[in-house]
Amino acid sequence: MVDASKLQQQQRKPSADTFLPLSRVRTIMKSSMDTGLITNEVLFLMTKCTELFVQHLAREAYTATCGETLKYEHLSQLVNKSKNLEFLLQIVPEKIRVHEFQEMLRLNRASGSDEDDDDDESGSESESEAE
């Protein structure tokens, strides 16, 4: 078993190694339309920043679990309650059950058809007025 203090010391040491593959990060960066030339220095910095962000996100979510196993729901709760993480709301949404989603769809369709009916009625009224 690895000693926890040694593990923390290893994590804190700055190193040139990255956990994320640089080639994958480069591919993701190139998928953006406005990305020009990606130098190795920029690629390395973006990879390290991404790793630090993921570590921070996981650490904050784990702190909120009070020692439980970290689960997706903990990450989504953190994203939902933190103002500075709201840009992740669509990426890490709260989980909902299938029947809850189906009910939401049904309600949206019902409210959408009511709006369509209103549009049809106003459209037919304007047509009859034009005649």
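The model is predicted: local features need pLDDT of at least 70, side-chain atom pairs count only at pLDDT 80 or more, and totals for chains, interfaces and linings use all residues. Residues are numbered from 1 along each chain as its sequence is written, and side-chain values use heavy atoms, without hydrogens and water.

**Confidence**
- The chain averages a pLDDT of 79 (the predictor's confidence in each residue, from 0 to 100), and 73% of the residues score at least 70.
- Helices are DSSP runs (H or I, at least four residues), numbered from the N terminus.

**Core and helix packing**
- The largest nonpolar core has seven residues: Leu57, Ala61, Leu78, Val79, Leu85, Leu88 and Val92.
- Such a core is a set of buried Ala, Val, Leu, Ile, Met, Phe, Trp, Tyr and Cys residues joined through side-chain atoms within 4.5 Å.
- Helices α3 and α4 each supply at least two residues of this core.
- In α4, His74, Ser76, Leu78 and Val79 are buried (under 20% relative accessible area; exposed is over 50%, partly exposed in between; 1.4 Å probe, protein chains only).
- These buried α4 residues pack against α3.
- Leaving aside neighbours within four places in sequence, Leu78 contacts Leu57, Glu60, Ala61 and Leu85.

**Cys66**
- Cys66 sits in the loop between α3 and α4 (72-81).
- Cys66 is not a glycine, yet has a positive phi of about 60°.
- Most residues other than glycine have a negative phi.
- Cys66 is exposed, at 71% relative accessible area.

Notes. Contact means heavy atoms within 4.5 Å.
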